[in-house]
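Subject: Structure handover and findings

Dear colleague,

Please find below the structure that I am handing over to you.

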Amino acid sequence: MPFKPASRALSRFTVLDLTRVRSGPTAVRQLADWGANVIKIETPPELEPGEGPGGPRHGPDFQNLHRNKRSLTLNLKSEEGKAILRRLVETADVIVENYRPDVKHRLGIAYEQLAAVNPRLVYASISGFGQDGPYATRPGFDQIAQGLGGLMSITGLPGQGPVRVGIPVADLTAGLYCSLGIMVALLAREETGKGQWVQTSLLQAQIAMLDFQAARWLMDGDVPKQAGNNHPTSIPTGVFQTADGHINIAATGQAIWERFCRAVDRADLISHPDYVTATLRSRNRDGLGQEINAILKTQNGSYWIARFSEFGVPCGPINRIDEVFADPQVQHVGIAQSIHSPALARDITLVGQPVQLSDTPSSIRVPPPEQGEQSDEILGEVGFSPAEIAAFHANGTI
């Protein structure tokens, strides 16, 4: 497979992908989906037989993370393998790694060493807790960052005990922040002519995602607690019961609260002494929630969603994942995208980019590669001869 960019936007950039598991691959997927020439560098199968750290290669998780890339196997513990990496670095724009911080120094491929080969290189690192500091050498894991970063203390029902979020949010946001940092560094390079070291961690990303909950403590000394399905500050916002299930409603602000009351034919609630202000609605949230549930149980969820939408009250169903992709609006925006996988001998459907660009759109152009599928092709592109490539195969370098 020659390089087939998924978009024109980043097709002038070459990215070396040394990442594993999720946070790093998430960062690189952003670059690949916008057209970068991504070379995924993997351990030769003889050195890492069986299932790798990213899960089954042909499973949905791996396939969704590694589309729009080419694969080169390389033994970075060998001198020849490291020499090949340095050759690749000479013409690369970006390298991304999410090793534990000490590993890259042990391998001799840290930022200072590779920047000496190519001063224009943007070197991006994702770690569990930071490149230095008291926790730097600890192995990072999403749920550990969710706990350490405070998220589990504000997730779940009051009194339930800590609850993890249902997605690996620290991994995913670290990857997204990293890709943003890479883009900023590439823009800065246009002015300075020099690359730089981009660093983030699961812990930093998780704390950044606390957003207003963190600001409540930093500015006001308020320690947020679990609020369940209720919004912690805007009431009534949360999950409410109808005749046939539950729906979400966000009646935030005085104007929307008044529209909500008229939608349920209870204009009297607007002047009710317990609910007349936002502060009172928050203070009396339990009683208000019970009153709203009693009203909504008189009709099905679809009735109330149509009714609230007519009155301009934010609302929506609470879908299972299968219902998400059956939703007409989800189908309209086209976020589920299919491509043929020769390895699986069928079409596969993956989650596309959630951002649309009018002139340089993203696409899923090629399926995830097999391990080392493009090794010979990639090495040939950087000047290795067929005889040299054959020798690399023979001695286990690739």
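Two residues are said to be in contact when heavy atoms of theirs lie within 4.5 Å. On that basis, and leaving aside neighbours within four places in sequence, Ile 154 is in contact with Leu 210, Gln 213, Pro 224, Lys 225, Gln 226 and Ala 227. Please note that this is a predicted model.

Ile 154 itself sits in the loop between α6 (142-148) and α7 (169-192). Is this residue buried or exposed? Ile 154 has a relative accessible area of 19%, and the limit for a buried residue is under 20%, so Ile 154 counts as buried. Between Ile 154 and Arg 164 there are 9.5 Å in space, C-alpha to C-alpha, for a separation of 10 residues in sequence.

Overall picture

The protein has 398 residues, of which 44% are buried. Its secondary structure comprises 17 helices and 11 strands, and the C-alpha trace spans about 85 × 50 × 45 Å along its principal axes. Of the contacts between residues at least 6 apart in sequence, 70% join residues at least 24 apart.

Strand β1 (residues 14-17) pairs with β2 in the parallel sense over four bridges, and Leu 16 has Ile 39 of β2 as its bridge partner. With β4 (residues 94-97), β1 forms three bridges, again in the parallel sense; there Val 15 stands opposite Val 94. Which way do the side chains of β1 point? Thr 14 and Leu 16 point one way, Val 15 and Asp 17 point the other way, and all of them are buried.

Within α3 (residues 79-91), the buried residues include Gly 81, Lys 82, Ile 84, Leu 85, Leu 88 and Val 89. These residues lie on the same side of α3 because they cover an arc of only 155° around the axis. Glu 79 and Thr 91, on the other side of α3, are exposed.

The three-stranded sheet

A further open sheet has three strands in the order β7-β8-β9, with antiparallel pairing. Its edge strands, β7 (237-242) and β9 (315-317), each pair on one side only. The twist from one strand to the next averages 30°.

Six bridges join β7 to β8 (residues 245-250) in the antiparallel sense, and among the paired residues are Phe 240 and its partner in β8, Ile 247. Helix α12 (residues 285-296) lies across β7 and β8 and runs at about 40° to β7.

Pocket and cavity

Rolling a probe the size of a water molecule over the atoms shows where empty space is left.

The largest pocket holds about 1,200 Å³ of space. Its lining consists of 48 residues, and those nearest its centre are Thr 19, Arg 20, Val 21, Pro 53 and Tyr 99. The elements that contribute two or more residues to this lining are α1 (23-33), β2, α4 (101-107) and β5. Which element gives the most to the lining? That element is α4, with four residues.

How many cavities of 30 Å³ or more does the structure hold? There is one such cavity. The largest cavity has about 50 Å³ of space and is lined by 10 residues, of which Phe 3, Lys 4, Asn 68, Lys 69 and Arg 70 lie nearest its centre.

With kind regards

Conventions: Residues numbered from 1 in each chain as written. Predicted model: local features only at pLDDT ≥ 70, side-chain atom pairs only at ≥ 80, totals over all residues. Heavy atoms only, no water. Pairing = 2+ DSSP bridges. Axes fitted to C-alpha atoms, helices over the stretch in contact; angles between N-to-C directions. Buried < 20%, exposed > 50% of the residue type's maximum accessible area, 1.4 Å probe, protein only. Arc of directions from axis to C-beta. 1 Å grid on protein atoms, 1.4 Å probe; cavity = no way out; pocket = protein on both sides within 12 Å on 5 of 7 lines; lining within 4 Å. Points joined across faces, edges and corners; volume = space filled by probe spheres on them.
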